[in-house]
Structure formats: C-alpha cells, structure tokens
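Subject: Structure for you to look at

Hello,

Here is the structure I said I would pass on.

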Amino acid sequence: MISRLTGKLIEKNPPQIVIDVNGVGYEADVSMQTFYNLPALGETVQLYTQLVVREDAHLLFGFATADERATFRQLVKVSGIGAKTALGILSAMSADELARAVADEDIKRLSSAPGIGKKTAERMVLELRGKLVSHAAADGLFAAAPAADETDDIVNTLIALGYNEREAKAAIKGIPKGTEVGEGVRLALKNLLK
C-alpha cells in the first residue's frame, strides 16, 4: 500500500499530476480541492494517497489532507460510487462541505455533484451518516500557488469531472478574465451547483 508520497511535482494536467520521488514518477489523480493548492512545478509536494486496484489497472489517488483521504475511503464504500465518482464529489465540494451536507441530509446539494442522482444522494446520507466529521481547520500540506490562466483548461477540467461541454461552457460565463485555473474551476463548480 502506498500511503503517502513526498517528491518534486513534475506534471500538472487536471485531474492528474506526476510526482518524482527519487527518480520514480508516480501518476496520481487528485481532487480539484487538492489541485487548487498544489505548488508550482519543480517544487516539493507531499500527498496522502490511496491505491485502488482494479482488474485492468492500479490507480493512485492523491489528497492534500488525511481527512480528504478518509472521506474518499468512506465514499467508495457507498454502493454505486466508484473511485472516479468519489473524486468528482470531492472536487465539487470539500470534505467538510460533504460532511455538513450528509449531516443536514441536503439531498439537493449532494445530487449536484457530477455523477450523483437523487437516489445515490439518498443512499449517501443513509450510508455515511455519522461516519464523516467536519473539521473547521484542515491540515494542508502545501500552500496555494498560481496556475495557468486559460479558460480552455477550466472547461477541460469540468469535462474531466463528468460535466458535458455545454454545461462547462455555461458555468464559466461570468468568471473574470485572468482568473487562475484552480480558482476558475472552483467558481465554475459553484455556478453549476446553483
């Protein structure tokens, strides 16, 4: 099991990153919550990880905090939610926001995440009630760093998260020019969740 990685960030292509750890490049999918806070390329990064072994692949998922990883682990236990869907949920809302939505039984908020319908949201409330804890302060492992300024990257990231192109383009309307990719995706996700 790979529990944590520390190394040099050498690639950032949302939602995938590559970390060089002593000459070995580890490719990991990260939530957009984590992606927003990645340092610049060439800088050191430390991520909590979860290895998912499937019949056709070994997939590594990275998280900024142990809480986010713990939330991911709980999400994939819910019937009908796989690793990619869980990552999409954690991209649409933070672990704290998800914990609050489950505690408040906010089906509308939960079903606004990509790939989650009303029935799955209801199942999430039933299966996750009492298992997710909201923390006011997260134990982030790295500081925010600016990302590239391109609306195409924002649209492509939204598409990678499961939204169609029409939804993605509608979501970026009103986002100021010059907005960082991470911030732009965050604002677009908020627009989609309205």
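A nonpolar core, as used here, is a set of buried Ala, Val, Leu, Ile, Met, Phe, Trp, Tyr and Cys residues joined through side-chain atoms within 4.5 Å. Buried means under 20% relative accessible area, exposed means over 50%, and partly exposed is in between, with a 1.4 Å probe and protein chains only.

Two notes on the source. This is a predicted model, in which local features need pLDDT of at least 70 and side-chain atom pairs count only at pLDDT 80 or more, while totals for chains, interfaces and linings use all residues. Residues are numbered from 1 along each chain as its sequence is written, and side-chain values use heavy atoms, with hydrogens and water left out.

The cores

The largest nonpolar core has 28 residues, and Ile17, Leu158 and Val185 touch the most other members. Two or more residues come from each of β1 (4-13), β2 (16-21), β3 (24-30), α1 (32-35), β4 (44-53), α7 (151-160), α8 (165-171) and α9 (181-192). These labels are DSSP runs numbered from the N terminus: helices are H or I with at least four residues, and strands are E with at least two. The most is given by α9, with four residues. At least three residues of this core come from each of domain 1 (2-61) and domain 3 (148-191). Another core, of 26 residues, lies apart from this one, and Phe72, Leu75, Ile89 and Ile116 are among its members. In soluble globular proteins, nonpolar side chains tend to be buried together.

Which residues does Val185 contact, leaving aside its neighbours within four places in sequence? They are Met32, Tyr36, Ile154, Thr157 and Leu158, where contact means heavy atoms within 4.5 Å.

The domains

The domain assignment of the protein chain gives domain 1 (2-61), domain 2 (65-126) and domain 3 (148-191). Such bounds come from an automatic or database domain assignment. The C-alpha centres of domain 1 and domain 3 are 22 Å apart, and four residues of domain 1 are in contact with eight residues of domain 3.

The barrel

How many strands close into the barrel, and in what order? There are five, in the order β1-β2-β3-β5-β4, with mixed pairing. From one strand to the next, the twist averages 55°. Angles run from 0 to 180 degrees between N-to-C directions, and axes are lines fitted to C-alpha atoms, for helices over the stretch in contact. Two strands count as paired if DSSP finds at least two bridges between them.

β1 and β2 run antiparallel and are joined by five bridges; they form a hairpin with two residues between them. Within this pair, Glu11 stands opposite Val18, and Lys12 has Ile17 as its bridge partner. β2 and β3 are also antiparallel, over six bridges, and Ile17 stands opposite Ala28 in β3. Their hairpin has two residues between the strands, and Asn22 in the turn has a positive phi of about 50°. β1 pairs with β4 in the antiparallel sense over five bridges. Here Arg4 stands opposite Tyr48, and Gly7 has Val45 as its bridge partner.

Leaving aside neighbours within four places in sequence, Gly25 is in contact with Val18, Ile19 and Asp20.

The helices of the middle part

α3 lies across β3, β4 and β5, running at about 15° to β5. In helix α4 (residues 95-103), the buried residues are Ala95, Asp96, Leu98, Ala99, Ala101 and Val102. Their cover includes α2 (66-75), α3 (83-92), α5 (107-111) and α6 (118-128). After α4 comes Glu105, with a positive phi near 55°.

The UniProt record, an unreviewed entry, lists residues 73-92 and 108-127 for "domain: Helix-hairpin-helix DNA-binding motif class". UniProt positions are given in the numbering used here, feature names are shortened, and annotations may be inferred rather than shown by experiment. In the model, residues 73-92 are 65% helix and 0% strand, with end C-alpha atoms 17 Å apart. Residues 108-127 are 70% helix and 0% strand, and their end C-alpha atoms lie 17 Å apart.

Regards
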